[in-house]
Amino acid sequence: MPDNGWPADRIDTESAHSARIYDYILGGKDFYPADQEAGDAMAREWPALPIHMKANRDWMNRAVAYLAEEAGVRQFLDVGTGIPTSPNLHEIAQSVAPDSRVVYVDNDPIVLTLSQGLLSSTPEGRTAYVEADMLDPATILSAPELRDTLDLTQPVALTVIAIVHFVLDEADAVGIVRRLLDPLPSGSYLAMSIGTAEFAPREVARVAREYAARDMPMRLRTHTEAEQFFEGLELVEPGIVQVHKWHPDGTSTEPIRDEDIAMYGAVARKP
């Protein structure tokens, strides 16, 4: 667990946090006892939770590699970045195209403190970090760090990964994503992973209750509801599918069961 002189007045070490739970489940080191307790409780309710979280991370790697290599994208806006875990998004993109530029966005002070790991760009590329809330797209889009790093007259890949299930209906997740995407030009892309309970409803509902009990209520979505994020966009094949089914690369050492994955993933182009 971390001991890096972080600003204690800004980091709540007594309450579990979704990003730190994710880090703990994936075998990271940037968590506190409350996060470990929460992660253990959730994994007892659904033992497939680590498989599910790793599959989401692997999907992110494949989606970014596709955007950089197949779609030719050189600019990325990653909203809801979370705790840095190598390979980070910029490392994947810059391994394909060293001149790739990436802006990370998060409002968690622990992510800000660790953001140095997100800023180790290649000489040809560039990375930046914006401390802002996803619920405030205008602040994100007007941030000097973003404007100095990305050219919004050229295509940008907006990545919103494993975060909208923490955005409740009253906050209008679809509207937030649309406001982030609207200023981006034709040829930009949206890549999202979206939490669902359609494949293991009882188990995932129990995990959601554990999150809610720690003041992290969730809004899990059906396939039809996931489609709303991509209206007016051109979905890349195979469309909106469970993350382990999107462009599998054959590197998984064990077969993954559908009922062990509670996340849809998709990539779509803005016409």
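## Helix packing

In this predicted model, α1 passes α2 in a right-handed crossing (the near helix is turned clockwise from the far one by less than a right angle). The contact (heavy atoms within 4.5 Å) involves these residues:

| Helix | Contact residues |
|---|---|
| α1 | R20, I21, Y24 and I25 |
| α2 | D35, Q36, A38, G39, D40 and M42 |

By class, five are nonpolar, two polar and three charged. Here Ala, Val, Leu, Ile, Met, Phe, Trp, Tyr, Cys and Pro count as nonpolar, Asp, Glu, Lys and Arg as charged, and the others, Gly among them, as polar.

Helix α1 spans residues 18–25 and helix α2 residues 33–45. Their axes lie 9 Å apart, at an angle of about 65°. That makes α1 roughly perpendicular to α2 (65 to 115 degrees). Helices are DSSP runs of H or I with at least four residues; strands are E runs of at least two.

## Confidence

Mean pLDDT (the predictor's confidence in each residue, from 0 to 100) is 92 for the protein, and 95% of the residues score at least 70. Over residues 1–8, pLDDT stays under 50. The model has 15 contacts beyond four places in sequence for that stretch.

Local features need pLDDT of at least 70, and side-chain atom pairs count only at 80 or more, while totals for chains, interfaces and linings use all residues. Residues are numbered from 1 along each chain, and side-chain values use heavy atoms, without hydrogens and water.

## I256

I256 sits in the loop between β7 (241–242) and β8 (263–269). Beyond four places in sequence, I256 contacts I51, H244 and I261. I256 is partly exposed, at 30% relative accessibility (between 20% and 50%; 1.4 Å probe, protein chains only).

Notes. Axes fitted to C-alpha atoms, helices over the stretch in contact; angles between N-to-C directions. Parallel < 35°, antiparallel > 145°, perpendicular 65-115°, else oblique.
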